[in-house]
2 protein chains.
Amino acid sequence: MALVVQKYGGSSVADASCIKRVAQRIVATKKAGNDVVVIVSAMGDTTDELLDLAEQVSPLPPGRELDMLLTSGERISMALLAMAIANLGHEARSFTGSQAGVITDSTHGKARIIDVTPSRIREAIDQGRIAIVAGFQGVSQDTKDITTLGRGGSDTTAVALAAALQADVCEIYTDVDGVFTADPRIVSAARQIPRISYDEMMEMAACGSKILHLRCVEYARRFDLPIHVRSSFSTKEGTWVVSDPYTEGTEMEQPIISGVAHDRSEAKITVVGVPDKVGEAASIFKTLADAEINIDMIVQNVSAAATGRTDISFTLPTADAQTALTSLKKIQAQIGYESLLFDDQIGKVSLIGAGMRSHPGVTATFFAALADVGVNIEMISTSEIRISVIVGQDGVDAAVTAAHRAFSLDADQVEAVVYGGSGR
Amino acid sequence: MALVVQKYGGSSVADASCIKRVAQRIVATKKAGNDVVVIVSAMGDTTDELLDLAEQVSPLPPGRELDMLLTSGERISMALLAMAIANLGHEARSFTGSQAGVITDSTHGKARIIDVTPSRIREAIDQGRIAIVAGFQGVSQDTKDITTLGRGGSDTTAVALAAALQADVCEIYTDVDGVFTADPRIVSAARQIPRISYDEMMEMAACGSKILHLRCVEYARRFDLPIHVRSSFSTKEGTWVVSDPYTEGTEMEQPIISGVAHDRSEAKITVVGVPDKVGEAASIFKTLADAEINIDMIVQNVSAAATGRTDISFTLPTADAQTALTSLKKIQAQIGYESLLFDDQIGKVSLIGAGMRSHPGVTATFFAALADVGVNIEMISTSEIRISVIVGQDGVDAAVTAAHRAFSLDADQVEAVVYGGSGR
């Protein structure tokens with residue numbers, strides 16, 4: 001008998017009929033001989049409706065009260081799901097984050113999980129019941145106030161509970177079949193990835209893949225907990241995210257590139273004419289850190305000998321751009337830079353693959369593919385298993401498509417790579 | 001400095017603008033130098049909407065899960081109210097029933113309060129904060145599951161918390177100015193009652209007055225906690241419910257009759273031809289008690305000597321009639337009664353007044369008033385401070401109006417009674 005943790009997102013429980021369908025799937029898992037713990041998000045648009053209500057009442061609601069408000073969303077969906085399961089003749093018990101023992105810090109709106117003490121969940125399972133747990137929420141260790149975990153919170157709840165319960169797998173249900181080699185809306189030949197490593201999945205999440213949040217993959221990696229990303233509309237195998245996808249009973253050879261990710265949500269700021277003195281760059285990035293802005297890529301040109309000045313470019317979430325520009329304006333006199341340039345018409349295209357470690361020439365192939373379709377590269381950043389480039393936003397689709405084909409990821413090319421063992 | 005507990009019902013917090021208006025009233029109470037604890041119901045139709053969702057998912061939802069679902073309603077309203085107060089520059093903290101220390105038994109849907117341990121509320125007050133508490137809900141002492149208190153639950157929460165905090169007053173806000181001598185929709189000359197005793201108010205509630213639930217008045221009486229029923233739409237004094245309304249600094253003489261209540265929600269069942277043997281009536285009412293049916297009035301005719309049989313009539317909530325008839329059918333052979341009659345076209349009209357203790361002839365005046373307007377009396381029941389009659393449903397309005405006038409309760413008559421000291 002296995003312990004299976006399943007997580008269903010808001011679109012999987014959008015209305016009564018969705019909830020009944022999910023209940024059937026849960027009961028089927030239970031009937032197959034598994035213990036089942038389910039993490040559920042708020043129904044469809046509930047969170048947006050609650051935020052809208054809050055906005056009508058207060059332009060700047062206190063975080064504690066906003067968390068109290070928003071957590072009612074999962075309370076509704078989890079109770080309804082438990083009822084639907086009861087209808088099918090199985091006993092289910094719903095639990096709030098607090099009741100499930102999800103202990104967090106007190107940072108309302110984006111609390112971090114400190115500990116998970118799921119004694120009531122364990123008890124429910126031991127009594128043969130299906131436990132339904134509210135995702136996205138916890139209770140503060142210090143203040144005993146209700147908290148929310150912020151973006152990716154329900155996935156993180158699922159992985160954290162699965163780890164604390166030493167579950168065999170954490171199944172994340174979504175509206176697609178799994179993780180793809182590229183966004184199928186851009187690359188029609190994109191394929192579902194059967195297995196991928198935590199490291200690659202983290203790079204995918206950091207580079208714009210929205211299927212799993214970075215935070216939840218990090219958590220799973222720390223506890224070596226297998227994640228199975230799959231569709232709530234079919235019973236097909238989805239994508240397994242595991243520590244070493246190519247040795248655990250699979251016959252596949254590791255591909256060079258696992259997937260191509262893209263991200264249109266970033267903007268680029270260039271600080272022009274920074275005096276080339278020790279510590280100037282540090283001042284700039286300390287200012288941005290103080291404003292709690294996450295910087296992604298950074299490029300500094302070689303300084304021009306004639307002027308003793310250099311340009312520093314960086315990318316950041318477009319949503320943070322206004323704050324960043326305002327902060328930088330304030331230190332213009334102190335730093336003595338000349339001007340600021342801003343560009344939000346950019347996109348990031350990333351190749352991710354642990355296989356590129358042992359395959360030289362990946363960068364050359366990637367850049368040649370982009371050149372062939374006339375896409376210009378503005379910035380470059382690399383890790384051991386990733387190459388990212390910044391291109392013009394209107395070149396993103398062409399770049400993703402070209403890279404996908406250049407690394408033989410298209411559906412019609414894949415046989416050759418997987419079974420042919422070509423070392424290209 | 002006083003400690004004021006205020007309770008606002010669903011219609012007082014129906015939307016964002018209502019919530020802001022209530023917030024202003026709360027802040028005004030705080031600014032006047034009081035400590036304030038607020039109990040709030042779910043917004044307007046929220047509970048009905050949640051029940052509708054539950055019905056779509058399950059025809060017979062488990063009580064535990066239904067309570068989990070419904071309690072999200074107050075969670076929403078209390079968080080929004082706390083935000084609205086924060087907007088006005090005062091600090092508010094919202095608390096669920098569980099957080100507020102409302103400890104109940106485990107009877108989901110109609111839990112009874114066992115204990116109130118409001119340490120977090122006390123702490124919030126001591127820190128100068130306004131505490132907002134979810135009405136209608138608590139946490140089970142045994143199972144630690146979330147419970148709801150059932151009908152009148154929010155009023156009961158308010159009174160119970162006020163008692164536990166030793167508040168100076170529990171203000172119950174509603175959409176009318178207070179308790180009236182009769183329903184103003186029937187009797188246009190009905191007046192607001194300035195002060196009334198717990199005993200009278202309990203009789204009013206038991207006899208169809210919907211303004212306060214019997215349960216909440218019982219609770220207040222036990223702890224001698226003054227209730228102030230008043231409108232959330234004005235700052236006028238409402239009705240004070242206290243232990244002895246006519247000695248506490250008022251100059252009023254006690255009226256004979258405090259008010260006329262009516263109730264159209266009952267039905268009458270007659271068990272025809274019951275053998276006049278010891279224990280037959282007991283069997284009938286034990287059967288009904290086993291089916292958890294609350295009987296109101298009972299009349300047994302003198303048995304006819306010729307047949308040795310009698311008829312037993314009783315009234316009960318119309319909603320329970322089907323269950324009662326089914327239960328009685330099952331014991332027909334055992335009891336040997338002849339048939340069952342059912343009538344839901346009845347109404348109950350009740351005179352309530354502690355003053356009738358010292359005034360003989362109240363019954364005669366009441367019955368004469370009904371006879372004058374051609375209303376026939378079907379059943380009668382009395383207590384020391386109440387006379388109730390069952391009449392045909394189409395006679396209710398006439399009976400209420402006639403009784404109101406016969407006991408000089410009409411607005412144009414009242415001066416004579418209150419100040420004239422007429423002992424009629």
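Guide: Let us begin with a term that we shall need: a contact means heavy atoms within 4.5 Å. Please keep in mind throughout that this is a predicted model. With that term in hand, we can look at two helices of chain A, where A:Met68, A:Leu69 and A:Leu70 in α3(A) meet A:Ser72, A:Gly73 and A:Glu74 in α4(A). Sorted by class, the residues of this contact are three nonpolar, two polar and one charged.

Visitor: How are the axes of α3 and α4 of chain A placed, and at roughly what angle do they cross?

Guide: The axes of helix α3 (residues 63-70) and helix α4 (residues 72-87) of chain A come within 4 Å and cross at roughly 15 degrees. Angles under 35 degrees count as roughly parallel, and α3(A) and α4(A) are therefore roughly parallel to each other.

Visitor: What is the angle when α4(A) packs with α4 of chain B?

Guide: Here the angle is about 170 degrees, and the axes of the two helices lie 9 Å apart. Since angles over 145 degrees count as roughly antiparallel, α4(A) and α4(B) are therefore described as roughly antiparallel to each other. On the side of α4(A) the contact is made by A:Ser72, A:Arg75 and A:Ile76, and on the side of α4(B) by B:Ser72, B:Arg75 and B:Ile76. These residues divide into two nonpolar, two polar and two charged.

Visitor: Let us turn to charges. How many salt bridges does a search of the whole structure find?

Guide: In general, side chains of opposite charge can pair when their charged atoms come close. The search finds 43 salt bridges over all chains. One of them joins the side chains of B:Arg230 and B:Glu171, at 3.1 Å from N to O. This pair links distant parts of chain B, with B:Arg230 in strand β11 (residues 227-231) and B:Glu171 in strand β9 (residues 169-174), 59 residues apart. Both B:Arg230 and B:Glu171 are buried.

Visitor: What does the salt bridge between B:Asp397 and B:Arg264 tie together?

Guide: The side chains of B:Asp397 and B:Arg264 meet at 2.4 Å from N to O. B:Asp397 lies in helix α13 (residues 396-406) of chain B and B:Arg264 in the loop between β13 and β14 of chain B, so the pair ties together parts that are 133 residues apart in sequence. B:Asp397 is partly exposed, with a relative accessible area of 34%, and B:Arg264 is also partly exposed, at 35%. Elsewhere, salt bridges that share partners join A:Arg64, A:Glu65, A:Asp145 and B:Arg120 into one network.

Visitor: Of A:Arg185 and A:Asp183, which is buried and which is exposed?

Guide: These two side chains meet in a salt bridge of 3.0 Å from N to O. A:Arg185 is exposed, with a relative accessible area of 77%, whereas A:Asp183 is buried, with a relative accessible area of 18%.

Visitor: How many residues of helix α7 of chain B are buried?

Guide: Seven of the nine residues of α7(B) (residues 198-206) are buried, and the helix is mostly covered. Among the buried ones are B:Tyr198, B:Glu200 and B:Met201. Just after α7(B), B:Gly208 takes a positive phi of about 115 degrees.

Visitor: Which phi values do A:Asp224 and B:Ser408 have?

Guide: A:Asp224 has a positive phi of about 50 degrees although it is not a glycine, and B:Ser408, likewise not a glycine, has a positive phi of about 55 degrees. A:Asp224 lies in the loop between α8 and β11 of chain A and, at 46% relative accessibility, counts as partly exposed. B:Ser408 lies in the loop between α13 and α14 of chain B and, at 7% relative accessibility, counts as buried.

Methods. Residues numbered from 1 in each chain as written. Chains lettered and ligands numbered in written order. Predicted model: local features only at pLDDT ≥ 70, side-chain atom pairs only at ≥ 80, totals over all residues. Heavy atoms only, no water. Salt bridge = Lys/Arg side-chain N within 4 Å of Asp/Glu carboxyl O. Buried < 20%, exposed > 50% of the residue type's maximum accessible area, 1.4 Å probe, protein only. Axes fitted to C-alpha atoms, helices over the stretch in contact; angles between N-to-C directions. Parallel < 35°, antiparallel > 145°, perpendicular 65-115°, else oblique. Nonpolar A, V, L, I, M, F, W, Y, C, P; charged D, E, K, R; others polar.
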